[in-house]
Amino acid sequence: MVKLYSWTKDRSILGIGYNLFEKLAGANWKGDHAEKFRKILLEMPSIHVLDEGHTPRNQNSLLWNGLTKVKTGRQIILSGTPFKNNFDELYNTFCLVNPKIVEHISAKTCRHGAKSKSDSTKERWASLTSLINKNAYDVIDVLKAMMDPFMHVHKGTILHESLLGLSDTLVVLTAIDFEKKLLVRIFENIFEMVYLVSLICAHPSPIAEHEVFSDHKSMLEELKISPEAGVKTQFVIELIQLSKVRGEKVLIFNQIFVNDV
């Protein structure tokens, strides 16, 4: 609360999560100084920036209704996925950033089979977007023309110089000879077979308790301390060693569980 008050005293930036905003700015909060906090959040921002701006897209939610009450003429929505479930939610998102969207959904929508001017703006929007499913491809151009004045698409090229980005590499590993011998012995049902193949290719030791490989149990248990016995573990160890030399950090995800073998 101290931070909220200090923000009001001078030019500054206030970062606040959606859940906390909903609580402090919502009409349902009846705590001490609730009205003061509500007034600060709704009336004082000079510019309003919504990160992940597609989050408040449900017009029936307390969050969406609270954000529509922020009295600022400058609002920015940052979103990588502004379109989530349907065109109604896209319309709700646009209403947050541009309450004057009514002016952009003009009478020309009627030429595409939309409802008349007497209908509400959202009804005309719904009528227009419904035509997309009827192969009225020119409707997409109309929607783009409506959004162009206030929607800007950035493809991330400005970050290429400072961020190297992700590099995808496909690595094909050949099973070690002992792994190949174990793999040819799998004849169980297809689901168990896929699971056992995943285990063996990672490292043979987890299948030591499986009855199909009972004759190799002692050898498989001894392999637990030998990472080079599995083609995947061998590769990971080598990758970690190379990364260590380069001073890099490695994060490894593993989806294989061995409790029920």
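R38 has a partner, E35, and the two form a salt bridge whose closest N and O atoms are 2.7 Å apart. A salt bridge is counted when a side-chain nitrogen of Lys or Arg sits within 4 Å of a carboxyl oxygen of Asp or Glu. Both E35 and R38 belong to helix α3, where they lie three residues apart, about one turn of the helix. E35, though, is exposed, with a relative accessible area of 55%.

Before going further, a word on what you are looking at. This is a predicted model, so local features need a pLDDT of at least 70 and side-chain atom pairs count only at pLDDT 80 or more, while totals for chains, interfaces and linings use all residues. Residues are numbered from 1 along each chain as its sequence is written, and side-chain values use heavy atoms, with hydrogens and water left out.

The chain has a mean pLDDT of 76, and 80% of its residues reach 70 or more. Confidence is highest in β1, at 88, and lowest in helix α6 (residues 101-104), at a mean of 60. Over residues 106-118 the pLDDT is below 50, yet this stretch has 26 contacts in the model beyond near neighbours in sequence. A contact means heavy atoms within 4.5 Å.

Now for the overall layout. The chain has 12 helices and two strands. These are DSSP runs numbered from the N terminus: helices are H or I with at least four residues, and strands are E with at least two. Follow the sequence along and you get the pattern α-α-α-β-α-β-α-α-α-α-α-α-α-α. Of the chain's 261 residues, 30% count as buried. Take the contacts between residues at least 6 apart in sequence, and 58% of them join residues at least 24 apart. The accessible surface comes to about 18400 Å², with 56% of that belonging to carbon and sulfur atoms. Accessible areas come from the Shrake-Rupley method with a 1.4 Å probe, and for residues only the protein chains shown count as cover.

In helix α2 (residues 18-25), the buried residues are Y18, F21, L24 and A25. Seen down the axis of α2, they fall within an arc of 135°, so they line one face of the helix. That arc is taken from the directions running from the helix axis to the C-beta atoms. What covers the buried residues of α2 includes α3, β1 and α4. Further along, helix α8 (residues 138-147) has V139, V142, L143, M146 and M147 as its buried residues. Looking down the axis of α8, you find its buried residues within an arc of 135°, so they line one face of that helix.

Back to the charged pairs. Side chains of opposite charge can pair when their charged atoms come close. The structure holds four salt bridges, and one of them joins E43 to K71, with the closest N and O atoms 3.9 Å apart. This pair links distant parts of the chain: E43 is in helix α3 and K71 is in the loop between α4 (62-67) and β2, 28 residues apart. E43 is partly exposed at 40% relative accessible area, whereas K71 is exposed at 59%. Another salt bridge brings together the side chains of R246 and E248, at 3.0 Å from N to O. R246 counts as exposed, at 63% relative accessibility, while E248 is partly exposed at 42%.

M44 sits in the loop between α3 (34-43) and β1 (48-51). M44 is partly exposed, with a relative accessible area of 41%. Leaving aside residues up to four places away in sequence, M44 touches W7, T8 and K39. The C-alpha atoms of M44 and V70 are separated by 8.5 Å, although the two are 26 residues apart along the chain.

Last stop, the surface. I47, V49, I76 and L78 form a nonpolar patch there, with about 320 Å² of accessible area together. Patches are made of residues with over 30% relative accessible area and no salt bridge; like charges are joined within 9 Å, and nonpolar side chains (Val, Leu, Ile, Met, Phe, Trp, Tyr) within 5 Å. One member, I76, is found in strand β2 (residues 75-78), and I76 is partly exposed at 37% relative accessible area.

Notes. Buried means under 20% relative accessible area, exposed over 50%, partly exposed in between (1.4 Å probe, protein chains only). pLDDT is the predictor's confidence in each residue, from 0 to 100.
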